[in-house]
Each structure stands twice: as structure tokens, then as C-alpha cells.
Amino acid sequence: MPATSPDSLPAQQVATWLDHLANERQASPNTLAAYRRDLAKLLAWMDAEAIPDFTALEPNRMRQFVAAEHRGGLAPKSLQRLLSACRSLFHALQREGTLRHDPLAGVRGPKVHRKLPVVLDVDEAASLMDSGGDGALGVRDRAMLELFYSSGLRLSELTGLRWGDLDLAGGEVRVLGKGRKTRIVPVGRYAVAALHALAKAEGNATEAPVFRGRHGAAISPRTVQARLNKLALLHGFAKHVHPHLLRHTFASHLLESSGDLRAVQELLGHADISTTQIYTHLDFQHLAKVYDAAHPRAKGKQ
């Protein structure tokens, strides 16, 4: 029976594992969709190669799989994600005793050259914070901008906020992050003031969304993205301004000022510090520019 058939053992094992991720691990819909797409590629390749089940896979065959996907045009970053999905599935099957070996032992994907995130400088960030405008919409937009920059929230974290998650007196916000993990993040005084203004304008019932769209429902992620982009264009920003840019800017400015990578990791809610380390490269770039401009023996100096 083809591995892609819903009744085949490999397809059943994939479906069971995805159900476990959804129900036990509380994985996000986007994560589940990505894993489902990636594992469908593996099942389709197993069909083409007449491989009946996962126990028949071994490292050399998996290298062939990676090479085939690479030849098919899959980018290095997508290949790494594909391998991560396969590795997670295989480890789960090993833990339950269904698989007695690791088919990906020693298998590595192509090296991904990580792009450094674009960030705003301090003056640009300050200018953007002042771009909220007047009226009810302006009050809401200013509070969104200030909270993004003050606390480094993800877009989904901001749109999911309820007033009961905020402690404005204590300057804190409780957010539900990736993997449904809760963390407490400080809220700066400018953001606190903007949120007080929003509460005065719209009310702050405990279960009500902090940021509302039409008919009082929680604002949609697409609306937040559109508003930030519109405000940036209106004020002549050359950079494409989006929610994750403000999260990057928060992390970069905090690390530049404090040098405390672990603290930035905790505030961002990164499970792995290697994810946070990209901001050390940004900080070094800033230092390198200062050096080149100021040191008498720097490159470009005569």
C-alpha cells in the first residue's frame, strides 16, 4: 500500500503524531500546517522509491531524499525545516519503540546563510512612535506601536491580548507565546501611558480585547500589518515597517544598551538562545561602524 494512502502505516503514524502535537503539545496551526506539508513530501518520496515504512529508512536513503528535494529547487532554509519535521517524527517513533534506529543519524542539510534582520535606529523608532495620529484610531495605533517596541511582542501575542493580561500599575503584561508558554514582560512608561489613554477611550473590561477592530472584536493580524505599513508610508519611512521589525528593533536596542543576551532571550520568549544570538551580530555591526568612523587606523582611513 502506498505510504501516502491514509490507510498505510506511515500515513497513520504521521497523522497520530500531528494529533499529538495539536492536542498534547498545543502546537500552533501554522506549525502543524508546515509539518503536514513537509511530511507529505517524505511520504511521496517513499512511494516513488517503493519504501514501505519508516523502519526501512536509513541515513544514506535520507541523504538521497534531501538531495532529491534540493535538486527539485527546495531552498536551504526550507530543507532545514523539512529535516527538522522528519527528525521530530523519528524521535517520537523511537521513544514509543516503533523505530529502533535514527534514519537521520549524521544527516545534515545545506548550510543556511542567515539574513540579519532589518531594524530601526533609535531616532527612527522615536519618530514612528509619534506617528499614531489623532482621534480614536490614533489612540489605538499609538498604543499598539508603543507596546510592540516597549515589550517586543509577537504579532499573535499582541492581537490576543485581553485587558486582564495587563498590569499597568506594575508595568507588566502576561502573554501567551509559542507552544502556549506564558511569560511576563515589562511594559515601559510610554506604553503604559498610551494604554491608559486607550482604556479611557474604549474601556478596559477584563475579558475585552485590548486592541479592537470592527464591531469590538479583537483586531486581526492583517489589520495590524496594514496599519503599521500605512503609518510608515505616511511619514516617509524608506524601510518596510511590520510588526516583526519592531520586535527586532526592541531586541537590538535592548541588547545594545544592556549586553545581557540571556535577559533578551527571556523577554523574547526564545526557547533556544541560538535564536537570540542573531542580535549579537547586529550589535557587532553597529560597533564596527563606530570603529570605522572613529579609529585612526580603521579601514578607509588615510
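Let's start with helix α1, on the face turned away from its buried side: the exposed residues there are T16 and N23. By exposed I mean over 50% relative accessible area, while buried means under 20% and partly exposed is in between, with a 1.4 Å probe and protein chains only. Helices here are DSSP runs of H or I with at least four residues, strands are runs of E with at least two, and both are numbered from the N terminus.

A quick word on what we are looking at. This is a predicted model, where local features need pLDDT of at least 70, side-chain atom pairs count only at pLDDT 80 or more, and totals for chains, interfaces and linings use all residues. Residues are numbered from 1 along each chain as its sequence is written, and side-chain values use heavy atoms, with hydrogens and water left out.

Back to α1, then, and its other side. Its buried residues are P10, A11, Q13, V14, W17, L18 and L21. Viewed down the axis of α1, these buried residues fall within an arc of 160°, so they line one face of the helix. That arc is taken from the directions from the helix axis to the C-beta atoms. As background, an α-helix has 3.6 residues a turn, so residues three or four places apart point the same way.

What do the buried residues of α1 pack against? They pack against α2 and α4, the latter being residues 76-95. Contact, here and later, means heavy atoms within 4.5 Å.

With 15 residues at 1.5 Å a residue, α1 should span 21 Å, and its end C-alpha atoms are 21 Å apart, which agrees. The expected span is 1.5 Å times one less than the number of residues. At the start of α1, a side-chain oxygen of S8 comes to within 3.3 Å of the backbone nitrogen of A11.

W17 brings us to the aromatic rings. The structure holds three aromatic pairs. Rings of Phe, Tyr and Trp (its six-membered ring) pair if their centres lie within 6.5 Å; planes under 30 degrees apart count as stacked, over 60 as edge-to-face, and the rest as tilted. W17 and Y35 make a tilted pair, 5.3 Å centre to centre with 50° between the planes. This pair links distant parts of the chain, with W17 in helix α1 (residues 9-23) and Y35 in helix α2 (residues 29-48), 18 residues apart. Both W17 and Y35 are buried.

Another tilted pair is W45 with F65, at 5.2 Å centre to centre and 40° between the planes. Here W45 sits in helix α2 and F65 in helix α3 (residues 59-71), 20 residues apart, so to speak another link between distant parts of the chain. W45 and F65 are both buried.

Between α2 and α3 there is a loop, and A50 is found in it. A50 has a positive phi of about 55° although it is not a glycine. Is A50 buried or exposed? At 65% relative accessibility, A50 counts as exposed.

H215 has a positive phi as well, about 60°, although it is not a glycine. You will find H215 in the loop between α8 (189-202) and α9 (221-234), and at 86% relative accessibility it counts as exposed.

In the loop between α8 and α9 we also have I219. At 3% relative accessibility, I219 counts as buried. Leaving aside neighbours within four places in sequence, I219 is in contact with R140, M144, T159, F211, R212, G213 and V224.

One more residue: S151, in helix α6 (residues 135-151). At 0% relative accessibility, S151 counts as buried. Its side chain reaches the backbone oxygen of P186 at 2.8 Å, and it makes a polar contact with the side chain of S150 at 3.3 Å. A polar contact is a pair of N or O atoms within 3.5 Å; within protein, one must be able to donate a hydrogen and the other to accept it, and residues adjacent in sequence count only if both atoms are side-chain atoms.

Finally, the whole chain. There are 13 helices and three strands, and of the 302 residues, 40% count as buried. The average pLDDT, the predictor's confidence in each residue from 0 to 100, is 83, and 83% of the residues score at least 70. Confidence is lowest in helix α13 (residues 278-294), at a mean of 54, and highest in strand β1 (residues 166-167), at 94.
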